[in-house]
Amino acid sequence: MKLPKKSVNSRRGLSLIEIILAMALIAIIFAIGLPVSLNFYRSYSFQAEVNTVISLLEQARSLAMTNHNESAWGLYIDSDRFTVFRGLDYAGRYAPADRFFDRAGGIAIAGNNEMIFNQLSGRTNAANIIISGSGRTANININSEGAINY
């Protein structure tokens, strides 16, 4: 059995034009996809921060209402982290019971930075927390009964 002869002029790879066209196509796809991906990431980060604040408020309220360690519980919002604390205020809290949670960067939080929920009742002073970033804004309202509305 004879093997077919290969011609001397047979192609053995890609030409320079084919490589440039492939790279240009990849660059176009990347240029279109990058803004969409960044917008999705910013939206996700913002919503995650809102959900974190709501969850921590609910956690502090739940600890107070169940009379955990027979104390009031609260949430303190600092520039770089959240702290769920035990006590009547952040300055006079029982520090060993602190629970720390990191904040996301690039998202601003305004309004009350300290919320305290009374033990058993879960009542608190009415407050409003405004979260903003990446062109989005969310309002979290806490009424005097301790209900968290968003």
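The largest nonpolar core has 26 residues, and V53, L57, I129, I131, I140 and I142 touch the most other members. The elements that give two or more residues to this core are α1 (16-65), β1 (73-77), β2 (81-86), β5 (114-117), β6 (127-133) and β7 (136-142). Helix α1 gives the most, with nine residues. This is a predicted model. The points below take the cores, the sheet, the salt bridges and the aromatic pairs in turn.

**Nonpolar cores**

- In soluble globular proteins, nonpolar side chains tend to be buried together.
- I142 is among the residues that touch the most other members of the largest core.
- What does I142 contact, leaving aside its neighbours within four places in sequence? The list is L57, M115, F117, T124, N125, A126, A127, I129, A147 and I148.
- Two of these contacts, L57 and I129, are themselves among the core residues that touch the most other members.
- Another core lies apart from the largest one. This other core has five residues, among them A72, Y76, Y90 and I116.

**Sheet and helix**

- Four strands form an open sheet in the order β4-β6-β7-β8, and their pairing is antiparallel.
- Which strands are at the edges? They are β4 and β8, each of which pairs on one side only.
- β6 and β7 pair in the antiparallel sense over seven bridges.
- A127 has I142, in β7, as its bridge partner. A127 is also one of the residues that I142 contacts.
- Helix α1 lies across β4, β6, β7 and β8. The helix runs at about 10° to β7.
- E58 has its place in helix α1. Its relative accessible area is 39%, so E58 is partly exposed.
- E58 and I148 are 90 residues apart along the chain, yet their C-alpha atoms are separated by 7.5 Å.

**Salt bridges**

- Side chains of opposite charge can pair when their charged atoms come close.
- How many salt bridges does a search of the whole structure find? The search finds three.
- E49 forms a salt bridge with R103, with the closest N and O atoms 3.7 Å apart. E49 lies in helix α1 and R103 in the loop between β3 (99-102) and β4 (108-111), so the pair ties together parts that are 54 residues apart in sequence.
- Are E49 and R103 buried or exposed? Both residues are buried.
- R93 and D98 form another salt bridge, and here the closest N and O atoms are 2.6 Å apart.
- R93 has a relative accessible area of 25%, so this residue is partly exposed.
- E145 lies in the loop between β7 and β8 (148-149), and R123 lies in the loop between β5 and β6, so the pair ties together parts that are 22 residues apart in sequence.
- E145 is partly exposed, with a relative accessible area of 39%. R123 also counts as partly exposed, at 40% relative accessibility.

**Aromatic pairs**

- A search of the whole structure finds two aromatic pairs.
- Why does the pair of Y76 and Y90 count as stacked? The ring centres are 3.9 Å apart and the planes are at 10°, so the pair is stacked.
- This pair links distant parts of the chain. Y76 is in strand β1 and Y90 is in the loop between β2 and β3, 14 residues apart.
- Y76 counts as buried, at 16% relative accessibility. Y90 counts as buried at 16% too.
- The rings of F85 and Y90 have their centres 5.5 Å apart and their planes at 80°, so this pair is edge-to-face.
- F85 is buried, as is Y90.
- Y76, F85 and Y90 form one aromatic cluster. Y76 and Y90 are also among the members of the five-residue core.

Definitions and conventions. Residues numbered from 1 in each chain as written. Predicted model: local features only at pLDDT ≥ 70, side-chain atom pairs only at ≥ 80, totals over all residues. Heavy atoms only, no water. Core = buried A, V, L, I, M, F, W, Y, C linked by side-chain atoms within 4.5 Å. Buried < 20%, exposed > 50% of the residue type's maximum accessible area, 1.4 Å probe, protein only. Contact = heavy atoms within 4.5 Å. Salt bridge = Lys/Arg side-chain N within 4 Å of Asp/Glu carboxyl O. Pairing = 2+ DSSP bridges. Axes fitted to C-alpha atoms, helices over the stretch in contact; angles between N-to-C directions. Phe/Tyr/Trp six-rings, centres within 6.5 Å; stacked < 30°, edge-to-face > 60°.
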